[in-house]
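Please look over the sequence and the model shown here before reading on. The report that follows takes up strand pairing, a helix and the domains in turn.

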Amino acid sequence: MNNFKFSIVLFFIINLTFSQEYHPKTNGVKTPKHTTIAFINATIHINPSQVLEGATLLIKNNKIVSVGVDLKVPNNTQTIDLSGKSIYPSFIDLYSNFGLDKPKAIPHQKSPQYDANRKGYYWNDHIRPETNSFNSFKYDNKKAKELLKVGFGIVNTHVQDAIISGTGTLVVLDQNGNTATQVLEEKSAQYFSFDKSKLSKQSYPSSIMGSMALIRQVHHDANWYKKGNIETTDLALEAFIANKNRLQIFKAGNWLNDLRIDKLGDEFGVNYIIVGGGDEYQRIKNIKQTNTTYILPLNFPKAYDVENPFQASKISLKDMKHWNLAPTNPSVFTANEIPFTLTTHQLKSVSDFKTNLQKAIKYGLNKEAALAALTTVPAKLLGKSDKIGSLKKGAYANFMITSGDIFDSKTTLYEHWIMGHKNSFENMSIKEINGDYDLAINGKTYKLNISGKANKLKSKLKKDTIKLTSKLTFKEQWLTIHFAEKDTKEYTRLIAKITKGKTTITGKAVLTDGSETSFTATYLTPKDKKEDKKKEDKNTTPTLVKVSYPNMAYGFKTVPKQESFLFKNVTVWTNEKEGILKNVDVLIKNGKIEKIGKNIVAKKATLIDGTGKHLTSGIIDEHSHIATSSVNEGGQNSSAEVTIEDVVKSNDINIYRNLAGGVTTIQILHGSANPIGGRSALVKLKWGETPDKMLIPNAPKYIKFALGENVKQSNWNSRSRFPQTRMGVEQVYIDYFTRAKAYDTKKKSGVPYRKDDELETIAEILNKERFITCHSYVQSEINMLMKVAEKFNFNINTFTHILEGYKVADKMKKHGVGGSTFSDWWAYKYEVNDAIPYNGAIMHNQGITVAFNSDDSEMSRRLNQEAAKAVKYGDLSEEDAWKFVTLNPAKLLHLDDKIGSIKVGKDADVVLWNTNPLSVYAKAEKTLIEGVVYFDLARDLKLRTEIKKERNELINLMLDHKNNGGKTQAPKKEEKPHMHCDFVGDYQ
Amino acid sequence: MKNILYITLLICSFTFAQQTPGAKQTKVITILGATAHIGNGSLIENSILIFENGKLTVVADATSTTTPSKGTVINANGKHIYPGFIAPNSTLGLVEIDAVRASNDNRELGTFNPHIRSIIAYNTESKVTESMRPNGVLQAQITPRGGRISGSSSIVQFDAWNWEDAVIKEDDGIHINWPRTFNSSGWWAAPGPTTPNKKYTEQVTELNNFFTNARYNNSKTTHLVFDSMKSVFNKTKKVFIHVNDEKQIIDAINFAVEQQINLVVIGAYDAYKTIPLLKKHNIPVILKRVHSTPDNDDDDYDLPYRLANILTTAGILVGLDTSGNMERMNTRNLPFYAGTCVAFGLDKEKAVQLISLNTAKILGIDHFTGSLEVGKDATLFISEGDALDMRTNKLTHAFIQGRPISLETHQTELYKRYTEKYNNDSKTVKKSHKKSQPIQ
């Protein structure tokens with residue numbers, strides 16, 4: 001259908017603007033036009049690795065006929081001599097919105113919209129694979145000129161909107177052409193992003209994890225649709241299916257997203273070409289493992305203006321390091337042999353491309369790689385290597401003529417030929433007259449210096465050492481200069497015709513009295529050029545700081561390794577029947593607890609004196625929202641299809657701070673925006689590692705449910721989403737469980753079924769393959785959920801928050817559910833009016849497995865203190881209180897076979913404390929996970945000094961940059977949301 | 001045996017006094033044998049304390065003194081006595097439940113509101129305030145929020161029928177939210193980067209102008225706003241400036257010097273960078289909540305824990321603030337904020353001092369409360385152990401101006417009610433295991 005439209009459009013355009021040989025000619029006789037042009041004596045860069053000197057390029061109409069040395073130029077061929085000049089193939093940009101208007105955002109709506117605007121398309125407005133950029137494409141002369149000027153001749157342009165944005169169109173920037181000749185391919189690639197469409201306010205998805213889940217579901221639905229199982233027509237799915245074999249390009253924006261997208265692609269056998277964020281150098285080994293090609297923006301951050309020390313203090317080391325290292329990103333790709341192309345995307349002005357590319361080269365990007373990134377690599381991705389990206393026979397005549405090395409800032413781009421049409425930027429016949437001259441007029445001598453670009457030359461004139469006012473113009477091969485002697489306003493005027501560059505100039509001089517004479521300017525061959533160049537190189541070699549893991553304050557220089565340790569003479573809180581052992585030794589080997597006892601000898605292990613100190617297993621936080629990019633997917637009342645595992649964020653400073661508080665394992669929970677939330681991520685706080693290394697392998701599966709004020713949106717302005725009462729919440733659950741049961745029955749029966757990630761997850765609960773941890777407050781709803789679960793023959797695993805658990809502790813015990821609560825929070829909303837700090841103790845006394853959790857990045861770093869509150873409120877024994885933050889959460893997470901106590905064979909996740917860990921005076925000195933030291937007080941102190949030093953070094957570099965005329969931006973500080981259950985949105 | 005009887009008697013009488021304010025002290029009370037943390041940095045290990053008519057008459061070392069016990073004797077051997085802790089910059093009694101708008105009375109409209117008085121909105125029956133007492137927090141400065149000048153605070157004790165009974169210093173100071181040097185962008189869930197506030201100078205000038213206009217206002221007619229500033233200019237009211245960053249602190253101090261006002265700096269995360277200036281002008285600091293995350297990624301992880309020690313060591317008068325997220329219910333953790341400072345270097349008695357005498361001095365109430373010294377109010381409590389540690393902060397007695405106060409609360413009531421429910425249940429059902437059971 002689209003092709004049909006395409007032909008109609010073409011038909012009209014052709015008819016109106018162009019006449020081809022088969023078109024009738026009514027205003028004269030037929031004048032067939034075949035132009036053959038030969039560019040001779042040029043340095044031709046056929047492709048990045050093949051350069052011919054003194055070669056000829058022969059083009060006919062819009063194609064290259066031949067290229068080579070000693071080519072025979074046919075008769076009747078226009079010949080252009082390019083001695084001393086170079087020819088390069090035109091650049092290609094794969095991520096452009098050339099000729100397309102930005103979609104206008106629809107105005108803000110008062111209450112959230114849950115349904116789609118469109119009919120006949122997918123249920124979600126942010127899935128728009130049917131968007132065909134060609135349909136709204138309009139050639140933009142002005143923009144084309146800008147692009148041609150920096151080297152781009154071909155762009156793949158698309159409407160940059162929606163999660164599945166639709167198809168892009170491959171366009172050649174030929175302003176002499178028409179839509180028929182400009183469009184090389186109508187649908188050249190399908191584009192994806194994590195940004196929602198501006199054309200709809202549909203709430204779902206509201207997070208990156210929601211976007212990922214949605215894309216998965218589109219894949220499932222497309223498969224189902226393809227098999228003919230859906231009777232109604234879905235234009236979006238049809239388009240998605242049709243686009244399947246096109247190039248798939250996904251905008252990521254940062255390295256974390258790069259890895260997320262790669263993982264997503266692997267699940268469906270799609271190799272996404274990833275539009276990077278420019279920070280990939282921070283995790284290049286992992287980027288290499290994605291095994292795909294990257295499209296890299298060159299939007300290097302500007303230096304911060306750090307003149308004001310107060311303001312400078314707000315800039316994080318992370319941002320300063322990124323300023324310093326971002327320009328190395330492309331060269332790091334080359335060094336690691338990761339294929340990439342470059343884009344003008346995200347540049348404020350297209351002209352920045354050139355300067356930033358030169359910067360990347362200065363920062364180590366090799367020129368051959370740069371040229372490949374701009375020509376052969378994108379051409380290959382597009383499957384058009386025979387037509388674009390190189391100057392081979394049969395390819396389109398898209399090339400540039402330059403004065404020399406295209407990546408040199410001093411090089412002039414004269415002409416950019418597109419489809420055999422010339423676009424001229426500088427007159428090629430202009431002679432180069434830059435340099436120093438001895439100027440002699442009427443017996444007087446002066447020193448003349450001419451500098452600057454061809455059409456903007458400047459003169460500097462000196463008599464002896466005195467600077468004189470002078471002005472120079474150089475136009476159409478005529479040079480004119482006028483100047484005045486010091487302290488006079490009488491001018492001497494010079495004029496000369498330039499026929500050859502860089503040689504002696506002679507011409508006419510009109511003296512101050514009006515008399516005429518001649519002048520000679522003798523060209524001085526530059527001396528010591530080599531030395532100058534060396535000096536320049538030395539000056540311009542950038543000073544670079546080292547990447548750390550993560551690349552911010554407190555990062556590791558190298559990712560830390562597992563070691564063997566022997567803790568001697570320490571007090572051990574075993575959390576086992578042995579209780580608290582005094583003056584014993586603990587040996588850690590291969591990431592496990594190897595031995596506990598007296599007088600252990602282990603020669604290879606590092607000795608740690610534990611005299612007077614306490615060793616415990618690491619703290620486990622059952623309810624955390626740190627180390628994640630999103631918390632809530634609140635766009636629907638159920639979001640069982642989303643998982644925090646998709647969005648673990650390994651460079652959150654709270655990871656480090658939690659380690660400093662003795663925390664080793666956390667459950668990152670979805671928030672409480674909806675009754676059925678998302679799946680959890682169980683991670684260990686392996687600071688310095690990537691998200692996939694933090695995830696606990698084969699961890700039990702969890703999902704967050706939520707009850708109460710948040711899910712009924714009591715404290716929101718909008719009241720349009722079901723449920724609005726606790727009564728409705730029950731029905732949401734019964735509805736979903738009923739449907740999931742039906743789904744599962746169908747699935748198990750072996751008949752074909754539509755795969756639904758949401759119901760799939762809920763069916764796992766029914767099949768006891770996934771545990772629920774439920775955000776809960778008041779007794780009525782707690783009781784309700786247990787009854788719903790019992791009706792469907794399963795158990796709730798954990799009630800989290802569970803502030804009125806003490807009122808139904810007996811029922812909870814009977815049901816077999818655990819409680820993970822706050823030590824003493826209350827009174828922040830109506831439903832915690834009856835929350836009491838004795839809650840943990842009462843539940844514990846009723847035989848319930850009780851944990852204290854944080855739900856807060858501040859509290860999580862001192863959960864040991866929170867545990868101690870169970871001693872104050874409810875008189876728990878210290879051993880039992882300590883288990884509230886170690887063994888009990890391990891049990892609630894079904895990880896107590898591996899963590900939660902100090903027992904031979906368990907993971908070596910241990911903390912060394914200076915004193916009793918429950919004491920307010922306790923301080924973690926070392927925190928180990930699987931035998932790796934992730935926090936060490938001594939190292940921390942050392943790092944503080946190093947951070948100061950590195951900050952200072954970078955501040956000096958920025959000041960230096962500014963003093964040398966570099967651009968700066970105002971200081972800024974990244975603000976982090978304080979993540980709680982109620983948090984919506986993404987945190988990058 | 002006799003002592004135990006006394007204690008039992010006292011506890012019993014307290015149990016029934018829940019919520020109800022105590023009667024004026026008529027009988028003399030002696031507390032014997034406890035470790036007394038005076039609040040001024042010193043300690044008496046075996047102490048004798050006597051108070052009559054609401055005032056302390058004897059505070060001495062029981063091992064050396066010959067002073068006999070008088071009146072009701074509480075044997076507090078092995079226990080600890082502290083002056084009632086003081087929470088400055090608090091909204092207790094102004095808000096009951098954060099999320100219930102109707103229960104919020106802490107933030108008035110307007111920019112310059114020095115005439116707004118917190119005390120008249122102070123709810124003595126707040127269930128949240130009541131829950132401070134079992135942790136030893138017995139007094140607070142009730143402070144309005146919002147605007148450039150939020151209004152006037154007043155200082156109360158936590159055992160009163162109404163606000164007039166509660167107040168121990170009325171309209172003690174005004175509160176200024178100093179202009180921010182950096183502005184935030186975005187919204188709370190998706191904050192954008194903060195960038196320098198371009199209106200900073202303008203806003204500081206505006207504040208200066210307000211002060212000048214108020215000072216030189218010679219209108220004969222009543223001007224509610226300017227008239228309320230008179231006590232600021234004659235220094236009977238203090239000026240509490242809420243600031244955090246270095247430049248703000250320096251500017252605020254210069255402002256105070258120029259305007260000749262009695263300055264206290266609140267928040268003051270960056271105070272450690274401005275020590276010489278604070279010392280030069282003798283400016284006290286009420287430090288941002290100890291249990292906070294550092295402001296910047298690059299900061300030492302323990303900086304909020306260490307600040308009190310850094311400033312105290314430098315010779316600056318320091319108190320501890322409790323404001324922030326869920327500030328009211330969290331105020332009962334004030335003793336543990338002080339305790340955390342000890343873990344990160346501060347001397348224990350100095351930590352006690354932060355939340356007792358230092359705060360009293362900063363608020364200008366140290367002549368009658370804030371420490372266990374003769375002549376001062378008998379506002380104090382006895383704890384089973386170290387009150388700065390969660391495990392041992394277990395109060396057996398508390399007195400406000402000599403009146404024994406109940407340590408029961410809405411929360412302890414519920415605790416008892418439900419414990420009793422399960423005890424009764426288990427009389428019929430076989431007692432459940434104490435040990436926790438693995439769950440299915």
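In chain B, strand β7(B) pairs with strand β18 (residues 380-383) in the antiparallel sense over four bridges, where strands are DSSP runs of E of at least two residues, numbered from the N terminus, and two strands pair if DSSP finds at least two bridges between them. Within this pairing, B:Ile81 stands opposite B:Ile382 of β18(B). This is a predicted model, in which local features need pLDDT of at least 70 and side-chain atom pairs count only at pLDDT 80 or more, while totals for chains, interfaces and linings use all residues. Residues are numbered from 1 along each chain as its sequence is written, and chains are lettered from A and ligands numbered from 1 in the order in which they are written.

| Partner strand in chain B | Sense and bridges |
|---|---|
| β2 (residues 35-37) | parallel, two bridges |
| β18 (residues 380-383) | antiparallel, four bridges |

In chain A, helix α13 (residues 367-374), helices being DSSP runs of H or I of at least four residues, is mostly covered, with six of its eight residues buried; among them are A:Leu371 and A:Leu374.

Finally, an automatic or database domain assignment gives chain A domain 1 (435-526), domain 2 (549-618 + 900-936) and domain 3 (619-728 + 770-896), and the C-alpha centres of domains 1 and 3 lie 81 Å apart.

Note on methods:
A residue is buried if 20 or more other C-beta atoms lie within 10 Å of its own, exposed if 12 or fewer, and partly exposed in between; C-beta atoms are placed from the backbone.
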